[in-house]
Amino acid sequence: KRNRYRGKLNLKQCYLGCVNLQRDGDQDILGYIKPYLNSTNLSGVAIVFADLQNADLRNANLQKAKLFEIDLRDANLFWAKLQMADLQEVNLQGANLQNAYLQDAILLNVDLRNTKNLRLNQLAVVKSLYRSQLDPELRKQVEEKYLHLLEKPVE
């Protein structure tokens with residue numbers, strides 16, 4: 001029988017490479033904790049090639065996190081803190097981004113189509129949206145007011 005620990009997880013500065021948080025087998029601890037990632041401290045974490053589809057990341061601290069080739073489809077990022085995060089090749093289709101903090105986040109080739117509750121004012125404060133995919137209406141608004149965000153970032 002599994003331990004029903006309900007305390008807070010602190011994965012600050014961890015490197016989680018090639019993890020699959022989708023599975024829920026007895027030997028897969030990350031699959032077990034996936035439903036309990038809300039309010040977790042993941043600041044500065046590096047996660048690459050991971051499946052976080054449907055993950056509950058409400059109120060999670062992902063400040064300065066590096067997320068590369070991550071599947072976050074239908075994830076719940078309500079009130080998630082993504083300030084100064086670096087997201088590349090991330091799929092956020094269907095994710096709930098209501099009140100997610102995106103200040104100075106870098107979103108390179110991120111799929112933001114069909115996201116829930118994503119607002120123009122959230123995108124206005126990111127550093128880059130280069131090669132990111134947006135719903136047509138939101139893309140039009142970004143092009144009209146914040147065209148520089150769609151251009152290749154200066155290194």
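Reader: What is the accessible surface of the chain, and how much of it belongs to carbon and sulfur atoms?

Author: Keep in mind that this is a predicted model. The chain's accessible surface comes to about 8700 Å². Carbon and sulfur atoms account for 47% of that surface.

Reader: What share of the residues is buried?

Author: A residue counts as buried when its relative accessible area is under 20%. Here the chain has 155 residues, and 46% of them are buried.

Reader: How do I read the largest nonpolar core?

Author: Such a core is a set of buried nonpolar residues joined through side-chain atoms within 4.5 Å. In this chain the largest one has 40 residues. Those with the most contacts inside it are Leu 72, Leu 92, Leu 107, Leu 112, Leu 123 and Leu 129. Helix H2 (120-123) and helix H3 (136-145) each supply at least two residues of the core.

Reader: Which residues is Leu 107 in contact with, leaving aside its neighbours within four places in sequence?

Author: Leu 107 touches Leu 87, Leu 112, Leu 123, Val 126, Ser 128, Leu 129, Tyr 130 and Ser 132.

Reader: What part of the contacts joins residues at least 24 apart?

Author: Start with contacts between residues at least 6 apart in sequence. Of these, 18% join residues at least 24 apart.

Reader: How many aromatic pairs does the whole structure have?

Author: A search finds two.

Reader: Why is the pair of Trp 79 and Tyr 101 called tilted?

Author: Check the angle. Planes under 30 degrees apart count as stacked, over 60 as edge-to-face, and the rest as tilted. The planes of Trp 79 and Tyr 101 stand at 50 degrees, so the pair is tilted. The ring centres are 5.7 Å apart.

Reader: Where do Trp 79 and Tyr 101 sit in the chain?

Author: Trp 79 is in the loop between strand E3 (66-68) and strand E4 (86-88). Tyr 101 is in the loop between E4 and strand E5 (106-108). They are 22 residues apart, and the pair links distant parts of the chain. Ring pairs join Phe 78, Trp 79 and Tyr 101 into a cluster.

Reader: What is the relative accessible area of Phe 78?

Author: Phe 78 has 25%, so it is partly exposed. Trp 79 is partly exposed at 32%. Tyr 101 is partly exposed at 29%.

How values were computed:
Residues numbered from 1 in each chain as written. Predicted model: local features only at pLDDT ≥ 70, side-chain atom pairs only at ≥ 80, totals over all residues. Heavy atoms only, no water. Phe/Tyr/Trp six-rings, centres within 6.5 Å; stacked < 30°, edge-to-face > 60°. Buried < 20%, exposed > 50% of the residue type's maximum accessible area, 1.4 Å probe, protein only. Helix = DSSP H or I, 4+ residues; strand = E, 2+ residues; numbered from the N terminus. Contact = heavy atoms within 4.5 Å. Areas by Shrake-Rupley, 256 points an atom, 1.4 Å probe, with all protein chains shown as cover.
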